[in-house]
Each structure stands twice: as C-alpha cells, then as structure tokens.
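Have the picture open while you read.

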Amino acid sequence: MLKDLDPILHSQVRLAIMSLLISVKSAEFGFLLENTGTTKGNLSFQLTKLKEAEYIDIQKSFKGNYPLTTCEITEKGIDAYESYVNSIEEYFKEFKNNKNQKL
Amino acid sequence: METNQPNSDPFDERQSLQVIREMIQVSQKKLKNDGILFILWGWVMFYSYISSYVFKKTVTTFQVQKIFGYIGNVIGLLAIVFTIYYILKERRKVQTYIGISLRYIWFSLICCLSITSMIIHNVIHVANLELQHPIFMMFIAFAVVVTGGIIRYKPVIFGGIAFALLAFASSWFKLEEQLLLEAAAWLIAFIVPGHILFYKRNS
C-alpha cells in the first residue's frame, strides 16, 4: 500500500479536478463539469472540499444574469498534487522492483 | 468517468494513475491550439498582399481597385472582430498559461510594428515601404517562431524560419515582388500549419 497518501486527493473526482486545474491558470465550473463527467451537485461538493483544504481558490461572479464559478489551483494545491503524484510513482517503482525480484 | 459520491469510494493506485492520465489527455486535446486564428489571419493577409500585387502588376480601373480595397478593409475589420470574440470566448471557459503568453506576444508585436513604423518615419522622414516590409516581416517571423516554440509545434517554427528567410530575400526586391514574397510567407507560416493544426485537432 501507499504511504502518506493525501486523503483529500485520493478521490476520483477531486483528483480529476486537480489534474485539470494543474495545467491551466483557471477554469470555469462548466469546463470542469464537462470534463470530469460528474453531476453538478457532486462537483460542487468536491470543489468545496478542495477549497476547505486550501488546494483551490473559488471565485464567484456573474456572466449576464447567470452565476459564474471560476476555479484556480493554489500553491498549496500544486505542492499537494506533486506530492501525491510522487507517491503514486514510488508505488509503481516498488511494484516493478518486487515483480523483477520474483522473476 | 464515474461519479464520485460525497462519501469516498474504493479507489486504488491504478485508478489514480488512470484518472491522472485521462485528465492529462483531456487537457492536451481540449487545450490544443485549433489553428483557427492562424487560418483566419493567414488568408486575410494572403488576400491583402496578393490583391495588392495584382493591382500593381495589372492595369485596372480606379473603381475596381476601390471596390477591392473596401472588400479588404471589411474582411480585415471582420477578422479583428472575430479574433476578439474568439479570444474572449476561449478565455471564459478556461485560461491557460499558453493562451496568456500568446496574447502578450501578439499584442506586443502589434505595438512593436506601430512604433517601428513611426521610428522609420521619424528617421528618414518618408514612408519607405520597401524598407518597412522586410523589417516588419522579420518581426512577424520572430513572433511566429516563438509561438511555435510555446505551442510546441514544429510546422509553425519552420514556417517562422521560412518567414524570416523570405523577409531577408525580399530586401533584394522591389515593392511589387516584396508583396508576392510576403503573400508566400503568410501561406507557408500561417495557412499551411493552421490547416494542419485544425485537421489534427478535429480528426
């Protein structure tokens, strides 16, 4: 098993959100909804979790008469994501080593 | 992708890797340059230089030249309006660092060309288009190469290099031939890579 895996990021939708946000400056709620393939309610819930962990910033504004939610990854979020990816890499390295030893 | 309910679901390392891979692929696909602005400005400038060349080489009435001049102005204006609309539309959904960098480069280029034009006029006190064309082409070539580097797309980089070579070559010719060379430069550096980008993005 992996050690020190961030429980905030170890969730399918939250990891998907962070993986999308890591490559852009900011993204609208609609963009995240379209690409994570989850429901509006669930996406809102997961975004709130990430915001509470200070991994993302959420800005609410209006586009015409409609509310507009824009998300941006924070430095803390970038660090957490990098650390999560490193842990995953370590896991696969270990897995590969164990497999080679068995052979 | 399956929805993730508020309470965390079983999610192993392989699935983590799969999600990261999927999202990187989504980002790469969605945020890839679609070449629309390359195609648009490539054709607008190509039309502009080719029509100028044809009018300089052939004998046409003033009325015909005026009509084609108006058409060119309307096309240019529509291209500007579409570019602004396109940038704002793209920016609304998602803002990328690549998009921001490209906006800075091309906006700076427009400023640079305007100021250079004024400098040339101030120094030699006359609008010398034969001198201005190769210099402007060189600035554009620089912006094209940098753009190609940022979007990591070799046809655009090579197009920029070809633009620079044609800029140098055009300094040996008179204005009429310079127009033809510049049209060729826009074709090589904008229209061809733009269509390849568009085709690749949509295939």
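Start with helix 4 of chain B, residues 97-124: its 28 residues reach 40 Å from the first C-alpha to the last, close to the 40 Å expected at 1.5 Å a residue. Keep in mind that this is a predicted model.

How many of the 28 residues in helix 4 of chain B are buried? The count is zero, so to speak a helix that is hardly covered. Just after helix 4 of chain B comes B:His125, which takes a positive phi of about 55 degrees.

Helix 1 of chain B (residues 13-30) has 18 residues and spans 26 Å between its first and last C-alpha, close to the 26 Å expected at 1.5 Å a residue. Here B:Ser16, B:Val19, B:Met23, B:Val26 and B:Ser27 are buried. They sit on the same side of helix 1 of chain B because they cover an arc of only 95 degrees around the axis. Over on the other side, you'll find B:Arg14, B:Arg21, B:Gln25, B:Gln28 and B:Lys29 exposed.

## Zooming in on B:Ala167

B:Ala167 belongs to helix 6 of chain B, residues 154-170. Why does B:Ala167 count as buried? Because B:Ala167 has 23 C-beta neighbours inside 10 Å, and the cut-off for buried is 20 or more.

Leaving aside neighbours within four places in sequence, B:Ala167 is in contact with B:Pro134, B:Met137, B:Met138 and B:Ala141.

## How confident is chain A?

Chain A averages a pLDDT of 87, and 94% of the residues score at least 70. Within chain A, confidence is lowest in helix 4 (residues 75-102), at a mean of 84, and highest in helix 3 (residues 40-52), at 94.

Definitions and conventions. Residues numbered from 1 in each chain as written. Chains lettered and ligands numbered in written order. Predicted model: local features only at pLDDT ≥ 70, side-chain atom pairs only at ≥ 80, totals over all residues. Helix = DSSP H or I, 4+ residues; strand = E, 2+ residues; numbered from the N terminus. Expected span 1.5 Å × (residues − 1). Buried ≥ 20, exposed ≤ 12 C-beta atoms within 10 Å, placed from the backbone. Arc of directions from axis to C-beta. pLDDT = per-residue confidence, 0-100. Contact = placed C-beta atoms within 7 Å.
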